[in-house]
Amino acid sequence: MDHSTDNAFGPSEDFAVEIAAIQPRLYGFILKRLADREQTLEVLQHTNLVLCRKAADFRAGSSFAAWAFTVAKFQVMAWRKTEGNRRLVFSDEVLALLDRTTEAEANSVDCRIPLLDGCLKRLREADRDLIQRRYRDGESIHRLAQGMTKSVDAIGMRLHRIRRQLAECVQSRMTQEAIEA
């Protein structure tokens with residue numbers, strides 16, 4: 001393997017940190033295109049394998065996120081070509097509507113993450129805990145409802161209100177930053 005000075009990853013820990021950090025964003029990127037969690041996990045696993053195999057191809061100074069999204073996009077296309085014939089998948093027209101450039105996708109997500117973090121910190125502690133248990137820890141709504149002795153519908157509605165509050169907060173902060181810029 002060629003380890004030229006243009007390669008951004010010397011020690012393997014640097015690459016591991018980058019690939020671990022981008023997992024949630026890659027998952028969302030792929031899920032948006034396949035709309036099935038099981039298929040998304042399968043394509044994400046293939047994407048990670050390709051990223052690991054091609055780590056030496058990544059060049060310092062370029063966007064790791066854009067590179068990873070490009071690999072993911074090609075893995076989605078490959079999956080659609082081989083598996084898509086056996087399963088219900090989006091048409092090319094629908095994918096074209098969903099698809100933005102990988103650089104735009106990376107940039108739009110990158111700018112919203114710190115805003116979302118700030119908005120999460122503004123939530124009441126109980127709401128922040130609920131969001132983290134559901135989305136960071138992956139706890140099911142049914143299990144959350146049991147643990148909180150609430151109905152599944154009540155937890156679902158509470159999560160919906162919190163998500164709406166977070167979306168409004170992020171949008172407001174984006175608008176504020178645009179005005180200040």
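User: How many helices and how many strands are there in the protein?
Analyst: This is a predicted model. Read along the sequence, the pattern is α-α-α-α-α-α-α-α. The count is eight helices and zero strands.

User: What share of the residues of the protein count as buried?
Analyst: The protein has 181 residues. To count as buried, a residue needs under 20% relative accessible area. The share that does is 34%.

User: Among contacts with a separation of 6 or more, what percentage comes from residues 24 or more positions apart?
Analyst: Contact here means heavy atoms within 4.5 Å. Of the contacts with a separation of 6 or more, the part from residues 24 or more positions apart is 67%.

User: Which element gives the most residues to the largest nonpolar core?
Analyst: This core has 22 residues. Those that touch the most other members are Phe 15, Leu 26, Ile 30, Leu 51, Phe 64 and Trp 67. The elements giving two or more residues are α1, α2 and α3. The top contributor, with nine residues, is α3.

User: Which residues does Trp 67 touch, not counting those up to four places away in sequence?
Analyst: Trp 67 is among the core members that touch the most others. It also belongs to an aromatic cluster with Phe 58 and Phe 64. Leaving out residues up to four places away in sequence, Trp 67 touches Phe 15, Leu 51, Lys 54, Ala 55 and Phe 58.

User: How many aromatic pairs are in the whole structure, and what is the angle between the planes of Phe 29 and Phe 69?
Analyst: A search of the whole structure finds four aromatic pairs. Phe 29 and Phe 69 form one that is tilted, at 4.6 Å centre to centre.

User: Is the pair of Phe 58 and Phe 64 stacked or edge-to-face?
Analyst: Phe 58 is buried at 4% relative accessibility, and Phe 64 is buried at 7%. Their ring centres are 5.5 Å apart, with the planes at 75 degrees. Planes over 60 degrees apart fall in one class, so the pair is edge-to-face.

User: Over the ring of which residue does the charged end of Arg 134 sit?
Analyst: The charged end is 5.5 Å from the ring centre. The ring belongs to Tyr 135.

User: Is Gln 75 buried or exposed?
Analyst: Gln 75 sits in helix α3. Not counting residues up to four places away in sequence, it touches Val 43, His 46, Thr 47 and Val 50. Among these, Val 43, Thr 47 and Val 50 are listed as buried in α2. At 18% relative accessibility, Gln 75 counts as buried.

User: How far apart are the end C-alpha atoms of α2?
Analyst: Helix α2 has 17 residues. At 1.5 Å a residue, they should span 24 Å. The end C-alpha atoms agree with that, at 24 Å.

User: How far does helix α8 reach from its first C-alpha to its last?
Analyst: Helix α8 covers residues 152–180, 29 residues in length. The expected reach at 1.5 Å a residue is 42 Å. The model is close to this, at 42 Å.

User: Which cysteine does a disulfide join to Cys 169, and what is its handedness?
Analyst: The structure holds one disulfide. It joins Cys 169 to Cys 119, with S to S at 2.0 Å. Both cysteines are buried. The S-S torsion is about -85 degrees, so the bond between Cys 119 and Cys 169 is left-handed.

Conventions. Residues are numbered from 1 along each chain as its sequence is written. This is a predicted model: local features need pLDDT of at least 70, side-chain atom pairs count only at pLDDT 80 or more; totals for chains, interfaces and linings use all residues. Side-chain values use heavy atoms; hydrogens and water are left out. Rings of Phe, Tyr and Trp (its six-membered ring) pair if their centres lie within 6.5 Å; planes under 30 degrees apart count as stacked, over 60 as edge-to-face and the rest as tilted. Buried means under 20% relative accessible area, exposed over 50%, partly exposed in between (1.4 Å probe, protein chains only). A charge sits over a ring if NZ of Lys or CZ of Arg is within 6 Å of the ring centre and within 35 degrees of the ring normal. A nonpolar core is a set of buried Ala, Val, Leu, Ile, Met, Phe, Trp, Tyr and Cys residues joined through side-chain atoms within 4.5 Å. Helices (H or I, at least four residues) and strands (E, at least two) are DSSP runs, numbered from the N terminus. The expected span of a helix is 1.5 Å times one less than its number of residues. A disulfide is a pair of cysteine sulfur atoms within 2.5 Å.
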